[in-house]
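The sequence and the structure come first.

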Amino acid sequence: MNKLRLNSDYFFKFSPDLLCIAGFDGFFKRINPAVSKLLGYTEEELLSRPIDDFIHPSDQNITSQYRENIKKGNPLLNYENRYIKKNGEIVWLAWTSMPLEDESLVYAIAKDITHKKKLEEERNALLASLSIMNKRLKDLSFTTSHDLRGPVNNLFAILHLLDTSEIKSPETLHLIELLKTTAEKLEVKMNKHLDALSENAKVSVKIEDVSLAEVLKSVQKSIGALIENSGVVFQINFSSFQTINFNKEYLESIFLNLITNSIKYAKPNTLPIISIQSKMVNDVKRLIFTDNGIGFDKDAVKDRVFGLSQTFNTRPESKGIGLYLVHTHMTNLGGHISVESKINEGTEFTLSFRG
């Protein structure tokens with residue numbers, strides 16, 4: 001027995017992960033050296049002050065809500081929040097916490113995921129930047145080609161209206177014919193260029209009949225752990241239509257972002273419910289995504305909902321990238337997305353697809 005206790009102590013002492021035992025009163029009762037090493041506080045400082053003193057102010061409220069849920073006997077899995085080190089630096093921690101109600105204690109283990117979070121932010125920022133640059137280049141190509149067509153068409157029309165019956169000089173007549181031929185060739189080339197741009201826009205993104213059920217299944221599989229840990233309930237109804245003519249990767253990205261947002265912004269102590277249904281409205285195919293999460297004040301944010309880096313709550317995971325990408329995917333293929341939301345009343349997204 002003594003040997004077993006000794007081994008357990010060594011495991012607690014030398015583990016590179018953050019191990020701690022916390023009380024229902026909001027104080028650490030025991031921590032391993034990795035906690036002090038990461039946060040820069042002594043063991044005495046960490047044990048003598050409320051845990052909230054070390055948590056980022058923006059995360060304290062939501063963390064307290066989850067802590068109350070733990071007290072009711074509900075484990076907390078893969079919860080991420082930010083702590084502030086003694087030197088002022090911010091670190092991201094991913095927690096798994098198990099309650100022991102009889103002793104009013106919580107046994108928890110955390111991993112430092114700061115590097116992972118930074119990589120995610122950099123990747124999302126790069127994707128958003130590339131998307132903006134790509135759109136601007138497309139817009140510039142279309143605009144330039146379109147704007148040049150006007151002067152070319154005007155030149156072509158003037159040359160055709162020109163009365164050459166009074167012109168006696170063969171050289172002048174020859175030059176006019178050359179101008180007409182050149183204008184005709186230029187018009188043809190401009191039209192071909194515009195057609196090529198339009199065709200490339202279609203070819204660069206493969207459009208096909210995509211199964212809604214298959215896309216949903218693929219996304220659910222990719223975030224299976226998140227779905228299982230959140231306990232989310234899906235209410236699915238694709239009876240109005242089962243497929244959509246769209247890009248499969250875009251649709252998977254849309255499903256992924258909307259579903260993960262609903263899970264991330266679920267109300268504490270409330271079972272998250274996500275409803276996805278297909279609906280035909282005046283021959284327009286629509287997908288309706290609805291959740292019962294914390295929502296946001298739509299009137300306050302107005303037309304900024306789908307803007308890049310726009311966030312509407314103090315949650316640390318809010319980066320303003322996901323909805324921007326959803327909006328970009330929809331509009332790039334001629335679709336439309338709208339949203340309705342109220343604080344603590346959930347959110348509803350309506351995706352309308354081009355026929």
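This is a predicted model: local features need pLDDT of at least 70, side-chain atom pairs count only at pLDDT 80 or more; totals for chains, interfaces and linings use all residues.

## Nonpolar cores

The largest nonpolar core has 34 residues, and those with the most contacts inside it are F246, L251, F255, I259, L287 and L351. Elements that give two or more residues to this core include α7 (212–222), α9 (248–264), β10 (284–291) and β12 (347–353). The most comes from α9, which gives 7 residues.

Leaving out residues up to four places away in sequence, L351 touches I254, L258, K285, R286, L287, F289, M330, H336 and I337. A second, separate core has 19 residues, among them L39, L46, V91 and L93.

N257 lies in helix α9. Its relative accessible area is 15%, so N257 counts as buried, the cut-off being under 20%. Apart from neighbours within four places in sequence, N257 is in contact with G322 and V326.

## Cavities

There are 2 cavities of 30 Å³ or more in the structure. At least two lining residues each come from β1 (18–23), α4 (57–71), β3 (76–84), β4 (90–100) and β5 (105–112). By class, this lining has 13 nonpolar, 5 polar and 1 charged residues.

The second largest cavity has a volume of about 30 Å³. L18, F28, V35, L39, Y83, L93 and W95 line this second cavity, with α2 (33–39) and β4 giving two or more residues each. Its lining has 7 nonpolar residues, no polar and no charged.

Terms used:
Residues are numbered from 1 along each chain as its sequence is written. Side-chain values use heavy atoms; hydrogens and water are left out. A nonpolar core is a set of buried Ala, Val, Leu, Ile, Met, Phe, Trp, Tyr and Cys residues joined through side-chain atoms within 4.5 Å. Buried means under 20% relative accessible area, exposed over 50%, partly exposed in between (1.4 Å probe, protein chains only). Helices (H or I, at least four residues) and strands (E, at least two) are DSSP runs, numbered from the N terminus. Contact means heavy atoms within 4.5 Å. On a 1 Å grid over the protein atoms alone, a cavity is a set of points where a 1.4 Å probe fits but cannot get out, and a pocket is an open set with protein on both sides within 12 Å along at least five of seven lines; lining residues have an atom within 4 Å of a point. Grid points are joined across faces, edges and corners, and a volume is the space filled by probe spheres set on the points. Ala, Val, Leu, Ile, Met, Phe, Trp, Tyr, Cys and Pro count as nonpolar, Asp, Glu, Lys and Arg as charged, and the others, Gly among them, as polar.
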